[in-house]
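Please look at the sequence and the model before reading on.

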Amino acid sequence: MKLILLPAIAGILGAHPALAQNRAMPSAHKAVQSATRSATVEPVATGFVNGAQVYPYSEGTIFQVYAAPGMVTDIALQPGEKLVAVASGDTARWVIGDTTSGSGETQQTHVLVKPFTAGLLTNLVITTDWRAYHLRLVSTPGTALSSMRWTYPQDELLAVRRKAEAAQAATPVATVLAVEQLHFNYAISGDRPPWRPVRVFDDGTRTYIEFPASLASGEAPPLFVIGTDRKAELVNYRMRDRFYVVDRIFDAAELRLGLEKQQVVRIDRVSPTSKRRGA
C-alpha cells in the first residue's frame, strides 16, 4: 500500500506546486524568525550613559527600540553622518521625523519616533552616506527610551591604526636603523637636479634613498628599477621624512622627472671595494 500511495502523493504535489510550497513555508518562517531573533539586540542596563542607550554598531544587527505614546524617542546618528533616507513598515501609526543639532563637522542628525498607541511593532531602516541602520520599534504603555546612539568600534580601530601609521611615518628613519647592519655601497650618477639624492643605503631588506631638504618644496621624482633586461619598471615605495623607503634590494634604479627634457639620476649597487661613481 505504501508503495502505491507515495507515488500518488508525489504526483499530487507535482501537479499542485502551491501545496508543496505551503508545506515548506513553516520551515522557512522558522528560519527567518530564528535569524531575526539572533540578530536583534535589546537595551541593557550596562549600555546606558545617563539616559541614553548606547549600542556598539555592527552591520546587519537589528537594534531594539522601546517607545511609548506621548513620548518622543531620539535616535542620534554619528556626528558628521548625513541622512539619506528613512523608511518604516508602519507610517500610519507612528510619527517619524528628523532634525539636526550642532553645525559644521560636528553636526548630528536625529531621527525622532513616536507611536500613537501601545502594542505596536514595526521596523525602521535608516540609510546615511556612511552606513545603514536596522531597528525594531516596539511601543509600550509607558516605557520608552528617551534617546539612543551608537559607538563605532571599526571606526575607532581604523583611527587608532591611522594614528599609529602616522606616528611611524613621522619617526626619523635613523631611529629605527642599526648602523652595523647598513650597507652604503651605492653609486649615484647622471644629472644633477636640485632633488639629486645625497646618499643611498640598505639594511639587508630595504633600500633607503636620502634626498636633500629641498625635496619637500619641489616635485618628487618617481623611482624605476632597472631589470637584467635593461627595462625600467616603476617600483612601489613610501616617503618618510626626506627618504624613499623601498621594500626590496635592487642592483640598479633610476629617478626620472620631466617629459620633454627629462632629468635622470642613476643608482647602482656596487661591491664594497668599488670606487663610487658620480659622487
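Tyr237 is partly exposed, with a relative accessibility of 28%, whereas Tyr244 is buried at 0%. Buried means under 20% relative accessible area, exposed over 50%, and partly exposed in between (1.4 Å probe, protein chains only). The model is predicted, so local features need pLDDT of at least 70 and side-chain atom pairs pLDDT 80 or more, while totals for chains, interfaces and linings use all residues. Residues are numbered from 1 along each chain as its sequence is written, and side-chain values use heavy atoms, with hydrogens and water left out.

The structure has 12 aromatic pairs. One of them is stacked: Tyr237 and Tyr244, with 4.3 Å between centres and 20 degrees between planes. Rings of Phe, Tyr and Trp (its six-membered ring) pair if their centres lie within 6.5 Å; planes under 30 degrees apart are stacked, over 60 edge-to-face, the rest tilted. Ring pairs also link Tyr55, Tyr57, Phe63, Tyr133, Trp150 and Tyr152 into a cluster.

Tyr57, a member of that cluster, has Arg131 over its face. A charge sits over a ring if NZ of Lys or CZ of Arg is within 6 Å of the ring centre and within 35 degrees of the ring normal.

| Charged residue | Ring | Distance to ring centre |
|---|---|---|
| Arg131 | Tyr57 | 5.2 Å |
| Arg256 | Phe224 | 5.0 Å |

Strands S7 (residues 94–101) and S8 (residues 108–115) run antiparallel and are joined by eight bridges. Strands are DSSP runs of E, at least two residues, numbered from the N terminus; two of them pair if DSSP finds at least two bridges between them. Thr99 stands opposite His110 in S8. Six residues lie between the strands of this hairpin, where Gly102 has a positive phi near 75 degrees.

Technical notes. Helix = DSSP H or I, 4+ residues; strand = E, 2+ residues; numbered from the N terminus.
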